[in-house]
2 protein chains.
Amino acid sequence: MTTIIQSIEECKLLCRSFLTINKKIGFVPTMGALHQGHETLFKRSVSENDVTIASIFVNPTQFNDPKDLENYPKTFYKDLEILNNNSVEYLFYPEYQDLYPDGYTFRVSKNKFSKILCGSFRPNHFDGVLTVVLKLLNVILPHRAYFGEKNYQQLKLIEQMCKAFFLDVERIACPTIRDYDGLALSSRNILLTMDERKQFIFQNY
Amino acid sequence: MTTIIQSIEECKLLCRSFLTINKKIGFVPTMGALHQGHETLFKRSVSENDVTIASIFVNPTQFNDPKDLENYPKTFYKDLEILNNNSVEYLFYPEYQDLYPDGYTFRVSKNKFSKILCGSFRPNHFDGVLTVVLKLLNVILPHRAYFGEKNYQQLKLIEQMCKAFFLDVERIACPTIRDYDGLALSSRNILLTMDERKQFIFQNY
């Protein structure tokens with residue numbers, strides 16, 4: 001059974017105890033609403049590490065539109081089943097006020113690259129992403145962290161941030177998993193109408 | 001003899017090797033031009049840890065005025081003697097391009113408190129301080145880091161940043177050491193004229 005950890009202190013203690021006995025931690029950060037794309041990350045982490053920790057945290061600081069945050073799909077019990085089926089040992093499931101004790105006054109920011117692509121029409125989006133990733137990595141201190149190539153710009157930025165701040169974690173990029181119609185699997189897809197789906201597929205092929 | 005390490009990779013490897021054998025690292029970050037204030041930090045670290053690492057890095061990103069950076073006192077060989085006399089085992093002495101492989105595009109920033117006191121007339125000063133401290137702490141992963149209370153606002157900000165990003169390091173604040181005339185010891189004091197000294201003393205008492 002996947003064990004749920006909400007407390008940051010408890011999570012830190014657990015992870016430090018694995019480090020002490022030289023157990024390698026694989027970490028898969030998610031925002032929940034898990035799908036087959038996430039499952040490939042879990043499977044890979046489970047196969048490559050002694051312990052796998054997934055996190056579910058819908059990070060408010062990376063949403064520009066409060067409606068988007070509000071509508072973000074939440075499927076907690078289904079997620080738990082998926083984690084369990086994939087033999088993920090731990091779920092880190094923190095609360096906002098615990099992960100942001102400073103109320104998001106301290107942040108990681110980047111100036112250049114993130115102002116194009118997603119960054120250009122979602123201002124501050126990537127500051128939120130980078131900040132929460134740094135927090136999660138520091139809590140868990142994983143040996144390896146797994147990210148989907150679907151969010152390519154995000155992946156590149158996280159990669160660069162890890163280098164800029166000399167983090168020890170090994171970053172593993174996993175290929176995008178696509179649906180029957182070619183659309184990249186994404187938690188938000190369940191919010192799309194059939195017409196919108198077709199439009200995205202048309203744009204991408 | 002104090003061993004000088006310039007390479008970040010070498011420093012990381014050394015520090016990780018101490019962690020593996022459970023040796024506690026004490027870290028004293030400095031900008032060089034060492035004085036008795038720094039010496040109290042070295043002595044305390046040496047007495048409380050298995051290994052002490054000092055760093056000397058005049059961090060350009062925290063200087064607003066290029067003239068101030070250029071004029072910052074440099075007394076490398078005297079510094080080395082002081083480190084040696086205080087039984088500091090290692091000096092981490094990195095180059096700018098190694099510590100900022102990203103050219104300072106990734107930074108830590110804080111919005112509120114740092115806009116008053118020093119922050120108000122040295123815009124971006126504290127972003128530079130926080131960014132370099134995070135980098136240094138991540139390279140060295142010390143058990144304890146030592147700071148002077150002289151830079152009180154800086155100390156508070158570093159404390160808050162460590163909490164916001166869940167760093168494991170224990171922060172130790174050491175009392176300000178003062179000169180014969182009551183002025184706080186500071187590397188920049190050697191740039192003061194006698195009149196300026198008197199003015200500062202007058203302002204503070």
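Two strands count as paired if DSSP finds at least two bridges between them. In this predicted model, B:Ile53 stands opposite B:Tyr90 in β4(B). That position belongs to the parallel pairing of strand β3 (residues 51–56) with strand β4 (residues 90–92) of chain B, which extends over 3 bridges. The briefing below treats the sheet of each chain, the helices that lie against it, the relation between the chains, and the contacts of side chains.

**Sheet of chain A**

- In chain A, 6 strands make up an open sheet, in the order β1-β4-β3-β2-β6-β7, and their pairing is parallel.
- The edges of this sheet are β1 (3–5) and β7 (170–174) of chain A, each of which pairs on one side only.
- From one strand to the next, the twist averages 25 degrees.
- Strand β2 (residues 25–30) of chain A runs parallel to strand β6 (residues 144–148) of chain A, and 2 bridges join them.
- Within this pair of strands, A:Gly26 has A:Arg144 in β6(A) as its bridge partner.
- Helix α7 (residues 125–140) of chain A packs on the sheet, where it touches β2, β3 (51–56), β4 (90–92) and β6 of chain A.
- The direction of helix α7 of chain A makes about 150 degrees with that of β2(A).

**Sheet of chain B**

- Chain B has an open sheet of 6 strands with parallel pairing, and its order is β1-β4-β3-β2-β6-β7.
- Its edge strands are β1 (3–5) and β7 (170–174) of chain B, and each pairs on one side only.
- Neighbouring strands of the sheet are turned against each other by 25 degrees on average, direction ignored.
- Helix α1 (residues 8–20) of chain B lies across β1, β2 (25–30), β3 and β4 of chain B, and runs at about 140 degrees to β4(B).
- Helix α7 (residues 125–140) of chain B lies across β2, β3, β4 and β6 (144–148) of chain B, at about 150 degrees to β2(B).

**Relation between the chains**

**Interface**

- The contact between the chains involves 31 residues of chain A and 31 residues of chain B.
- About 2,500 Å² of area is buried between chain A and chain B, and carbon and sulfur atoms give 63% of this area.
- A:Phe106, A:Phe165 and A:Phe166 supply 33% of the area that chain A buries against chain B, which is more than any other three residues supply.
- One of these residues, A:Phe165, has B:Lys135 lying over the face of its ring, at 5.5 Å from the ring centre.
- The charged end of A:Lys135 sits over the ring of B:Phe165, also 5.5 Å from the ring centre.

**Aromatic pairs**

- Over all chains, a search of the whole structure finds 14 aromatic pairs.
- In chain A, ring pairs link A:Phe57, A:Tyr96, A:Tyr100 and A:Tyr104 into a cluster.

Definitions and conventions. Residues are numbered from 1 along each chain as its sequence is written. Chains are lettered from A and ligands numbered from 1 in the order in which they are written. This is a predicted model: local features need pLDDT of at least 70, side-chain atom pairs count only at pLDDT 80 or more; totals for chains, interfaces and linings use all residues. Side-chain values use heavy atoms; hydrogens and water are left out. Helices (H or I, at least four residues) and strands (E, at least two) are DSSP runs, numbered from the N terminus. Axes are lines fitted to C-alpha atoms, for helices over the stretch in contact, and angles run from 0 to 180 degrees between N-to-C directions. Contact means heavy atoms within 4.5 Å. Rings of Phe, Tyr and Trp (its six-membered ring) pair if their centres lie within 6.5 Å; planes under 30 degrees apart count as stacked, over 60 as edge-to-face and the rest as tilted. A charge sits over a ring if NZ of Lys or CZ of Arg is within 6 Å of the ring centre and within 35 degrees of the ring normal. Buried area is the accessible area (1.4 Å probe) that two parts lose on being put together, summed over both.
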